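The stops below are given in the order in which they may be selected.

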Amino acid sequence: MMQTKPIATRESYGRTLAQLGAENNKVVVLDADLAESTKTCMFQEKFPERHFDCGIAEANMVSIAAGLAAAGMIPFVSSFAMFATGRAYEQIRNSVGYPHLNVKICASHAGISVGEDGATHQCVEDIALMRGIPGMVVVNPADDTEASQAVRALAEYKGPAYLRLGRLAVPVINDPESYHFKLGRAVTLREGKDATVIATGLMVARALEAAEQLAQEGIQVRVVNMHTIKPLDVEAVVSAAKETGCIVTAEEHSVIGGLYSAVCEAMVGAGVSCPVSPVAVMDAFGQSGPANDLLEYYGLTAEAIAQKVRERLAH
Amino acid sequence: MDKQTMNHLKRMANQVRQDVLSEVYSAASGHPGGSLSVADTLTYLYEVQMRVDPQNPSWEGRDRLVLSKGHTCPALYAVLAQKGFFDREELKKFRHLGAMLQGHPDMKGTPGVDMSTGSLGQGISAAVGMALAAKTQGADWRVFAVLGDGELQEGQVWEAAMFAAHHKLDNLIAAVDNNGLQIDGNVSDVCSVYPIDEKFRAFGWEVFTADGHDFESLDAAFSAARQVKGKPCVIVQKSVKGKGVSFMENQAGWHGKAPNQQQYEQAMEELRAAAAELEV
């Protein structure tokens, strides 16, 4: 793990967006009264004429973005994951997804690591919702390096996309000098023959920690960073199943409809069989509390991942 | 408006109405009532107000129209076909499996359709986004949005209205097709949206009223709206649901129902008779 201070992926987003603004005058940014929190304020400061605060009206914001995209602009739309993908789901589905418009839904405060605000603000269904929309790309970056590169990749990609961002500062695990983000291509961060942990978002760092713990017990675990949930890197899943014989998925999302579902679907679809155990929010709402305490309470820890691997191998 | 233009618009709108009936009849489904009430407006906008090029439907400099009341697309399709955006033969395949003309407008598949709509309330926001894009790019094209009166019950319409006035989008003109009826009955009985004009005025819009079936009246309103600076405009136009077909007029039941063969023939006969009178 790199020795830099932890950074929230929403910070990476705001910083990169401000750079993109200087490089491409088609880039416009929309927010719904949360510019300080989603970090689009960094873009707003430099390009106030291309930053539109829509007020607390997410449905309108998403459809406005559709109109902007239909007229050739590249809109980045931000709010909390709950309101972007929840409140405005149908606008994303019908005004953005169906006409396949070039709108980037970049939502911060995803998952339970939102912390003290509690269940109403902790979206653990966003990946499921966005993944169900035909043609929608879904990306969940693991750290600052990956988030920054993902923002750029999505700006270049023509079509609707969802970028999942977090509030909590997370460790930087990818070297910005050598890392190269490729949409839809999973990254194997560590090789191993006994099991594979396929992780996404902030669970990737925790998966690496788990692999380290397990290595000390003589268990060699492959760690795959599945930053793109859709389109899923099916090849990475199939080779994990074939070569390591057991998979643990790790996501800060509901066990229903997210990474676990996507991995199981891909594997069964490819005619490959291996047991898959989920580390996820087990069909529950969140609650108030400090982010790290919540991650522990809901079992989204390195220890929980290691324990799933041990249980699988003991069978 | 000179007599010749007026007569041309009347003939064209009559053909649009006949096409609407034929589309819905051949699909055995669709929305004739609202299509007939909005037929004159769409005819007028595409023929008089809008800068478009049917040979180059995605021309960047064109004016845009968002049919926010997307279910009345049979009228839009009829106008676009007459303008030459696509082959009139397509009208016969409206709502058929694999056809270009979907039950609600699809911008990806249909030349001339500027926005996919159908889920009420979203089209006006998209139109606002387009108007904002024109302003941001310093372009001079304009955006027209056509809404239903029942559609005003969608809260998103007012989110869009607030935003458009805040950003002084004087390149946006909305038209509310106020035929007074929605699926479940009178708009004023179901959940009143009235007074429409005062609501928009309170939201910072310039408001005009018009008779939605009188081209002189429409022309006066839209021409005046063109001159307004610093705010968006809305034309609240009184119209008749099912206009032009005696037994469909002012009947909520014809919102989303296709005529049977006998009803279709009677409707076409009425429209042809009206057209014959125009030729004199």
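Select helix α3 of chain B together with α1 (3–27), α2 (32–49) and β1 (64–67) of chain B, which are among the elements that cover the buried residues of α3(B). Here helices (H or I, at least four residues) and strands (E, at least two) are DSSP runs, numbered from the N terminus, and a contact requires C-beta atoms, placed from the backbone, to lie within 7 Å. The model is predicted: local features need pLDDT of at least 70, side-chain atom pairs count only at pLDDT 80 or more, and totals for chains, interfaces and linings use all residues. Residues are numbered from 1 along each chain as its sequence is written, while chains are lettered from A and ligands numbered from 1 in the order in which they are written.

Remain on α3(B), residues 73–83: nine of its eleven residues are buried, so this helix is largely enclosed by the rest of the structure. A residue is buried if 20 or more other C-beta atoms, placed from the backbone, lie within 10 Å of its own, exposed if 12 or fewer, and partly exposed in between. The buried set consists of B:C73, B:P74, B:A75, B:L76, B:Y77, B:A78, B:V79, B:L80 and B:A81. Just beyond the helix, B:G84 has a positive phi of about 95 degrees.

Next, select B:V113, in the loop between α3 and α4 (122–137) of chain B. B:V113 counts as buried because it has 27 C-beta neighbours inside 10 Å. From B:V113 to B:Y77, the C-alpha to C-alpha distance is 8.6 Å, although the two are 36 residues apart in sequence. Neighbours within four places in sequence aside, B:V113 contacts B:P105, B:D106 and B:M107.

Now display the whole of chain B, with its nine helices and seven strands. Its radius of gyration, taken over C-alpha atoms, is 18 Å, close to the 19 Å of the globule rule (2.2 Å times the number of residues to the power 0.38), so chain B is as compact as a globular protein of 280 residues. Along the principal axes, its C-alpha atoms fill a box of roughly 50 × 45 × 40 Å. Of its 280 residues, 52% count as buried.

Axes are lines fitted to C-alpha atoms, for helices over the stretch in contact, with angles from 0 to 180 degrees between N-to-C directions. A:A59, A:N60 and A:I64 of α4(A) make the contact with B:Q156, B:E159, B:A160 and B:F163 of α5(B).

Finally, select α10(A), residues 234–244, and α11(A), residues 259–269, whose axes come within 9 Å and cross at roughly 75 degrees. A:V234, A:V237, A:V238 and A:A241 of α10(A) meet A:V263, A:A266 and A:M267 of α11(A). The residues of this contact comprise seven nonpolar, no polar and no charged.

Methods. Two residues are in contact if their C-beta atoms, placed from the backbone, lie within 7 Å. Ala, Val, Leu, Ile, Met, Phe, Trp, Tyr, Cys and Pro count as nonpolar, Asp, Glu, Lys and Arg as charged, and the others, Gly among them, as polar.
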